[in-house]
Amino acid sequence: MNKTAATIFCLAAVLLTAGCAGDEFGFYKKGLKQGQGTAGKAKAGRDGGDASAYRMADLAPSHKPDAKSDEAGIWLQVENVERRVKTAGNRMRLASLNAYIEKVTCRVAGTYCKDIRVYTMRAPGFNAAMYPNGMMHIRSGLLLRVENEAQLAAVIAHEAGHYLRQHGLQRLRDIREKTNSLLFFQIALAGAGVPVVGDIAMLATLAGLSAFSRNMEREADGYGLLLLSRAGYDPGEAWKVWQYLVKEKKADKDAETPSFFVASHPQSKERLDTLRDLAAKMQTPSTADKGRERLAKVVLPIRAGLIRDELHLRNFGPFEFLMDGLIERGDNLAELYFFKGEMHRLRNKKDDAQKSLEFYAKARKAEGTPPPEIHRSMGLVHQKLGHGKDARAAFRAYLADNPDAGDRAMIKHLIGKLGQ
Amino acid sequence: MMNRCLGLFLAANLLLTGCVGYTLVKGGQKLELGQGLSVKPPRDWNRRTEGKHEIWTLDGPGLQYILFVKGIEDGGRIFPGPARRLLAPKKDTFPNFRKGMSSLEVGELFEASLARRGAQKIAIAGFTPAKFGGKDGFRFTFTYRTTAGLNMRGITAGALLGDKLFMVIYNGTELFFFDRSKGYFEKILASLTII
């Protein structure tokens with residue numbers, strides 16, 4: 001992919017989106033221009049503000065701009081983006097997952113369900129983005145980070161809040177007035193031909209530069225909680241999602257701290273407090289539903305693949321934090337201990353080899369089923385430690401469990417060498 | 001209007017800068033690639049070098065390419081790229097080669113590197129010991145899907161020599177281009193010598 005073209009594309013694209021759910025760093029930021037939120041009816045202060053300020057009557061889906069307006073051109077490009085997303089290689093096509101996400105979306109969006117289309121994109125990390133035409137993206141990494149359906153619904157409801165308060169459309173107008181992004185976008189699409197989610201990490205990061213304004217985020221938080229509560233979910237789950245993200249960011253000890261990231265900014269705490277207070281003021285339904293089992297039923301069958309996506313980043317601090325959280329929840333511990341072992345094996349610092357073996361041993365004893373390559377990993381560690389006999393035994397067990405393994409010839413070769 | 005013209009000019013220039021850098025490799029002649037590697041391609045190829053990486057293509061790297069990885073050392077990457085993502089504030093989280101890795105671990109690194117480039121449904125098969133430029137090495141095949149939804153197929157051959165990783169990676173679209181140029185790749189690989 002042409003790097004420069006991709007960059008221009010991303011710069012243009014992010015002006016049209018807001019990667020807000022993943023941008024714990026994008027909330028309540030200082031130094032960027034303040035809110036364009038026109039409603040301004042819901043003033044959330046440090047005490048969480050007035051819950052009654054958020055009313056369903058204030059919500060309406062964005063409408064397609066007049067064909068003769070400048071915004072119409074940008075809108076058309078957003079529709080082109082959606083066409084690309086529909087055929088993107090990393091769009092998740094698992095019917096059961098997509099049906100589940102649609103069900104949750106419709107539950108929170110209610111009558112506006114038909115206006116919002118959620119696309120789950122296979123990618124590590126946490127992000128969600130709302131486009132002005134009703135297209136929403138969520139990353140598959142989000143599914144690992146929410147504890148229950150109510151937390152997933154909280155993210156979707158927040159994004160729906162942006163859409164139903166027409167924040168995206170307001171941003172389009174802002175872009176039209178202040179930039180040449182339409183020009184950039186057209187050039188980028190024509191010249192680069194890059195898929196919209198070609199470099200989703202960069203896209204998401206850049207989104208932080210042009211995220212929704214502070215007032216818009218407050219509105220989306222408030223209306224998101226309203227939608228969540230009306231749908232029968234426990235609104236008290238929403239703040240926990242953002243708290244998790246702040247903690248995960250802090251676990252990234254090696255990360256640089258760019259000026260526009262506010263992960264450790266006190267105002268992140270303000271946001272958590274506001275969400276918590278507001279949720280307490282909203283009427284919690286007597287049947288406040290968390291839906292932990294429903295989420296687990298959909299996520300557990302695909303969880304190992306999603307964890308591998310995270311491990312491919314080789315960003316071990318946040319990965320360990322993620323794994324420890326999953327282990328605390330406790331579903332299929334054998335799988336989770338295996339991946340904790342994998343983390344140590346791949347990090348390969350002092351004592352990591354020994355720790356990886358300890359976790360593999362725990363995985364074999366724990367509830368659930370470890371992935372089939374556990375003996376291969378054990379063999380690799382034993383080989384590194386010079387444990388020839390143990391390495392041979394582990395590799396043989398791997399081949400016995402996986403007779404059609406793609407690396408069978410190499411493993412057999414290794415067993416032969418270890419036997420010398 | 002002036003601003004728009006300036007924007008167009010700048011954008012066009014930025015786009016064009018990514019289009020330079022290829023030179024022609026003449027077929028039938030032995031070519032020194034540096035780092036002790038040499039090959040004799042059976043036909044002409046387009047060649048672009050980036051440090052210890054070298055990309056050859058016939059129809060464009062999006063359709064097919066041969067990537068030469070010429071002895072990357074501890075901390076190096078299999079695929080060429082910027083030290084870190086342009087404008088991205090996060091640290092570089094690309095998986096890196098580490099000295100002491102085994103060939104199976106290089107396979108894992110390859111998979112993780114492809115994944116970081118957005119590849120989906122990666123499958124590695126036929127991982128086997130194989131001679132590489134006359135040295136003991138490895139070889140495997142792979143398939144994946146790009147973010148644009150295109151199915152790709154490839155072959156990787158390589159060797160770990162003195163804490164350095166050498167590889168030749170052939171990659172092409174499953175439809176047409178992989179098969180079309182596979183024979184050329186095999187001849188180039190067979191002609192590879194390492195001093």
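Me: What percentage of the contacts in chain A with a separation of 6 or more is accounted for by residues 24 or more positions apart?

Reply: Two residues are in contact if their C-beta atoms, placed from the backbone, lie within 7 Å. In chain A, residues 24 or more positions apart account for 76% of the contacts with a separation of 6 or more. In chain B, 44% of the contacts between residues at least 6 apart in sequence join residues at least 24 apart. This is a predicted model, in which local features need pLDDT of at least 70 and side-chain atom pairs count only at pLDDT 80 or more, while totals for chains, interfaces and linings use all residues. Residues are numbered from 1 along each chain as its sequence is written, and chains are lettered from A and ligands numbered from 1 in the order in which they are written.

Me: How many helices and strands does chain A have, and how many does chain B have?

Reply: Helices (H or I, at least four residues) and strands (E, at least two) are DSSP runs, numbered from the N terminus. Chain A has 19 helices and 3 strands; chain B has 3 helices and 11 strands. The order in chain B, from the N terminus on, is α-β-β-β-β-β-β-α-β-β-β-β-α-β.

Me: What share of chain A is buried, and is B:G100 buried or exposed?

Reply: A residue is buried if 20 or more other C-beta atoms lie within 10 Å of its own, exposed if 12 or fewer, and partly exposed in between, with C-beta atoms placed from the backbone. Buried residues form 54% of the 420 residues in chain A and 38% of the 195 residues in chain B. B:G100 is exposed, because 10 other C-beta atoms lie within 10 Å. B:G100 sits in the loop between strand 6 (64-72) and helix 2 (103-116) of chain B.

Me: Which residues of helix 3 of chain A are buried, and against which elements do they pack?

Reply: An α-helix has 3.6 residues a turn, so residues three or four places apart point the same way. In helix 3 of chain A, the buried residues are A:Y100, A:I101, A:V104, A:T105, A:R107, A:V108 and A:A109. They pack against strand 1 (117-121), helix 5, helix 9 and helix 12 (292-299) of chain A. After helix 3 of chain A comes A:G110, with a positive phi near 55°.

Me: At what angle do the axes of helix 5 and helix 9 of chain A cross?

Reply: Two packed helices are described by the angle between their axes and the distance between the axes. Axes are lines fitted to C-alpha atoms, for helices over the stretch in contact, and angles run from 0 to 180 degrees between N-to-C directions. The axes of helix 5 (residues 149-164) and helix 9 (residues 214-230) of chain A come within 7 Å and cross at roughly 120°. These two helices of chain A are therefore oblique to each other (angles under 35 degrees count as roughly parallel, over 145 as roughly antiparallel, 65 to 115 as roughly perpendicular and the rest as oblique).

Me: How do helix 15 and helix 17 of chain A lie to each other?

Reply: The axes of helix 15 (residues 333-347) and helix 17 (residues 374-385) of chain A come within 11 Å and cross at roughly 30°, and the two helices are therefore roughly parallel to each other. The contact joins A:F338, A:G341, A:E342 and A:R345 of helix 15 of chain A with A:I374, A:S377, A:L380 and A:V381 of helix 17 of chain A.
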